[in-house]
Amino acid sequence: MSSWEPDSDFVFHMPTKVLYGPGSHREIRAEMADLACDRAVIVTDRGLRENTDLPARIQKALGATCVGVFDDVEPDSRFEIVDAGAAFAAKLGADCLVSVGGGSSMDTTKAISIVMTNGGSIREHLAVHALTGPQTPHIAVPTTAGTGSEVTNVALIKDEAARTKFFVLDNQIFPRTAILDPTLTTGLPAGLTASTAMDAMTHAIEAITSICRNSMSESFAVQAIGMINGAIRRAVEAPEDILARGTLLSAATMAGAAFCNAMVGVVHAVAHALGGVCSVPHGIANSIMLPHAIHFNAVTDAEAYAPVVATLGIKASSPLAAAQMAAARLTELAASCGLQTKLSQVGVNRRQFQEIADKAMADGAVLNNCRPVAGPEEIVALLDAAF
Amino acid sequence: MAVVFPTAEWVAEFKKQIDEKPDYKEGGKGWREGVIVLIINAKPQVGIDADFNIYLDLHEGQCREARVCSDEEVGDHPFVIRGEYDRWKLVVLDQLEPVKAMMQGKLKLTGDLPTIVRNIDGAKTLVKCATYVETVFIDE
């Protein structure tokens, strides 16, 4: 069952080399040599560095080619962090950036690569497909299975003062290489395992229902939904299970490739705003909003969910009923993994609804939603339903 | 009378359509950011020897000025959309939706995309006005 329209045009871009396998991080120095680089700076966050051995493992694998570690990445890094990272790497004469961590580390690294290549501040480069040449090479080593940022051309950066996330969207910022090593994800706590997996689930589902949906994205997305649905509980319950971890990791990358080319919709528009206004973690925001967006969208375009419904094995009397059952199934899945399912559980209050709605309406993702969003009042209604 | 795209005459006719038709007056009334520069990349093979820069000073549904501008002027403005002639041709023919084209990398935006998104109706109605121009394309 497919929902894409063969008469609509699309672009599918996936230039990142993907290297998958338990222990594959040990090949990073060879990958770096393939890029003709020999001075790498690792970009990561301090929590990961202090509480896990993951950055140290990558540093060890890089050996003498690692000239420094920048560990100031924050959740949704600020402009200042990006500029500081670029100055740090430039001072060390780095010719390659290695991100180790989740979406924030990878997005920060994409932004650092822009500043390293073009100079100035990242504030001067908030543009859409405006870069004119290759940027400083970036090898992405995800330690979560969700964001898909290792294969996307977008970097989200937060402006703290404006409480807004800005993004750079550019085909020049795809990481050159993504190293998917499931052994790097076994230490991920249950809550993060679940929320990042639901982030990937949202990427896949919105890629299928976006107005930019297309046959190639759909094939990645459908596969990803089935893999996440089959592995998420196992990865939460048995964190050392390499099969479950690897399934989620590769599914998240496939979902990333899907949404990078089909775009995302209203769930992401709202999640970005929830992150900017209320600091709700992105995966949790997506997980909470996804079922409510399905109810909203299915009223006018239930057929768009046909591939989702089929992949989840749902049978119902009508496309609308099937989509509604899929929404309920996703809520159950999130709850069974210990995730919050209401905005009231994650520190959002109703007084923030209007600001969230206004920001969501200015987010590019809202344009791609399969049901046109008429105005902020519809976002407020969605938030109310999710509260 | 048909005018050739891209030329100064075409830009003048485009402004006339923006001024005369109701589309942009309604769709563009939320735009208070001023100038947008549209750049058609040089394509000597079809007779565009240098970048062709269209300066549009827009404000709340009105086009205050439309003209060809120099490369030097382009750098002063916060919203610049650049693309190949063949892409712009499709936009003028209403066969390529410009905001989607920006997202896909077919057109390149320097400037704040959320501001453009908030004014999506303005973008759509500007394209609509372009389709009203009786156009002959330079490569035809």
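This is a predicted model: local features need pLDDT of at least 70, side-chain atom pairs count only at pLDDT 80 or more; totals for chains, interfaces and linings use all residues.
**View 1. Chain A and chain B in contact.** The contact draws 20 residues from chain A and 18 residues from chain B. Between the two chains, about 1600 Å² is buried. Carbon and sulfur atoms give 64% of that area.

View 2. Two salt bridges are found across the interface of chain A and chain B. One of them pairs the side chain of B:K106 with that of A:D9. The N to O distance is 3.1 Å.

**View 3. The side of chain A that touches chain B.** Two or more residues each come from β5 (127-128) and β8 (164-169) of chain A. β8(A) gives the largest share, three residues. By class, this side of chain A holds 14 nonpolar, four polar and two charged residues.

View 4. β5(A) is joined to strand β6 (residues 107-110) of chain B by two bridges. The two strands run antiparallel. Within this pairing, A:A127 has B:T110 of β6(B) as its bridge partner. β5(A) also belongs to the elements that give two or more residues to the side of chain A touching chain B.

**View 5. The two domains of chain A.** Domain 1 spans 24-180 and domain 2 spans 190-386. Their C-alpha centres are 26 Å apart. In the contact, 18 residues of domain 1 of chain A meet 22 residues of domain 2 of chain A. The two domains bury about 1600 Å² between them. Of this area, 61% lies on carbon and sulfur atoms.

**View 6. Polar contacts between the domains, and the domain 1 side.** How many salt bridges cross the interface of domain 1 and domain 2 of chain A? The rule finds zero. Two residue pairs are in polar contact across this interface, both residues at pLDDT 80 or more. On the side of domain 1 of chain A that touches domain 2 of chain A, β7 (154-159) and β8 of chain A each supply at least two residues. That side divides into seven nonpolar, seven polar and four charged residues.

Conventions
Residues are numbered from 1 along each chain as its sequence is written. Chains are lettered from A and ligands numbered from 1 in the order in which they are written. Side-chain values use heavy atoms; hydrogens and water are left out. Contact means heavy atoms within 4.5 Å. Buried area is the accessible area (1.4 Å probe) that two parts lose on being put together, summed over both. A salt bridge is a side-chain nitrogen of Lys or Arg within 4 Å of a carboxyl oxygen of Asp or Glu. Helices (H or I, at least four residues) and strands (E, at least two) are DSSP runs, numbered from the N terminus. Ala, Val, Leu, Ile, Met, Phe, Trp, Tyr, Cys and Pro count as nonpolar, Asp, Glu, Lys and Arg as charged, and the others, Gly among them, as polar. Two strands pair if DSSP finds at least two bridges between them. Domain bounds come from an automatic or database domain assignment. A polar contact is a pair of N or O atoms within 3.5 Å; within protein, one must be able to donate a hydrogen and the other to accept it, and residues adjacent in sequence count only if both atoms are side-chain atoms.
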